[in-house]
Every structure is written in C-alpha cells, then in structure tokens.
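Please look at the sequence and the structure shown here before reading on.

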Amino acid sequence: QVQLVESGGGLVQSGGSLRLSCAASGSIFRINDMGWYRQAPGKERELVATITSGGSTNYADSVKGRFTISGDNAKNMVYLQMNSLKPEDTAVYYCNAKVTTTWHMTGNYWGQGTQVTVSS
C-alpha cells in the first residue's frame with residue numbers, strides 16, 4: 001500500500017501565499033511522477049502542476065507564473081508554493097503520485113485532499 005498525506009492548506013486573503021506539502025510512504029520502489037490537482041465545488045478535478053522524478057514540470061495555464069512545484073526524491077515529498085492567490089484558486093487540493101511498488105506494480109495514488117480558501 002501507498003499513502004499520500006497532504007498538509008499546508010488553509011484560509012488566506014487574495015494576493016497571499018500558501019505552501020502545500022505531500023508526503024508519500026508505504027511500499028514504494030520508485031515514484032515516477034508526483035503532482036497536484038484541485039477540485040472546486042461543482043467542478044471537475046483539474047490538473048494544477050506535475051513534476052517527474054527527473055525534475056521536469058508542467059503547469060496549468062491558470063497558475064503559470066504564480067505556483068511552483070518542487071520535489072524531494074530522497075524524502076518522497078512534493079511541494080506546491082502558491083503565490084498571488086486569487087479567489088478562483090479556492091478548491092480542495094489533492095496530491096497525486098504514480099508509484100511503482102516494491103512488488104513492481106505501478107499504480108496511481110491520491111491523498112485525502114487539503115482545503116485552500118482564498119478570500120477576496
């Protein structure tokens with residue numbers, strides 16, 4: 001089993017910053033990619049940012065220039081630095097990891113989500 005635990009969400013004013021963290025643990029042989037997705041009320045879950053084990057990143061257009069994803073391969077962690085937050089960034093943010101387990105099966109894992117609320 002693989003577990004993902006997010007932290008760092010909360011309430012912030014428009015223009016403020018938050019940093020999300022996600023720790024992966026369990027039967028991990030290799031983490032291939034990690035990322036952040038978000039889901040606002042009444043909307044589908046959408047990609048925010050991803051990072052490969054090699055450090056390549058990908059961002060949604062809506063967060064480019066404001067959010068930065070980073071990872072620590074040694075600690076199996078991924079971070080999302082969110083600056084210049086806007087009310088439309090309000091959502092539940094989910095950590096995602098594509099993991100090859102110790103029994104060499106690859107799966108897609110999700111955290112439980114952390115609420116980010118940006119007030120205007």
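This is a predicted model: local features need pLDDT of at least 70, side-chain atom pairs count only at pLDDT 80 or more; totals for chains, interfaces and linings use all residues.

Residues are numbered from 1 along each chain as its sequence is written, and side-chain values use heavy atoms, with hydrogens and water left out.

The structure holds four salt bridges, a salt bridge being a side-chain nitrogen of Lys or Arg within 4 Å of a carboxyl oxygen of Asp or Glu.

| Pair | N to O distance |
|---|---|
| Arg38 and Glu46 | 2.7 Å |
| Asp61 and Lys64 | 3.1 Å |
| Arg66 and Asp89 | 2.7 Å |

Arg66 lies in the loop between β6 (57-59) and β7, and Asp89 in the loop between β8 and β9, so their pair ties together parts that are 23 residues apart in sequence; strands are DSSP runs of E with at least two residues, numbered from the N terminus. Both Arg66 and Asp89 are buried, where buried means under 20% relative accessible area, exposed over 50%, and partly exposed in between (1.4 Å probe, protein chains only). A network of salt bridges links Arg38, Glu46, Arg66 and Asp89.

Most residues other than glycine have a negative phi. Asn76, in the loop between β7 (67-72) and β8 (77-82), has a positive phi near 55°, and Ser84, in the loop between β8 and β9 (91-101), has a positive phi of about 50°.

Key. Helices (H or I, at least four residues) and strands (E, at least two) are DSSP runs, numbered from the N terminus.
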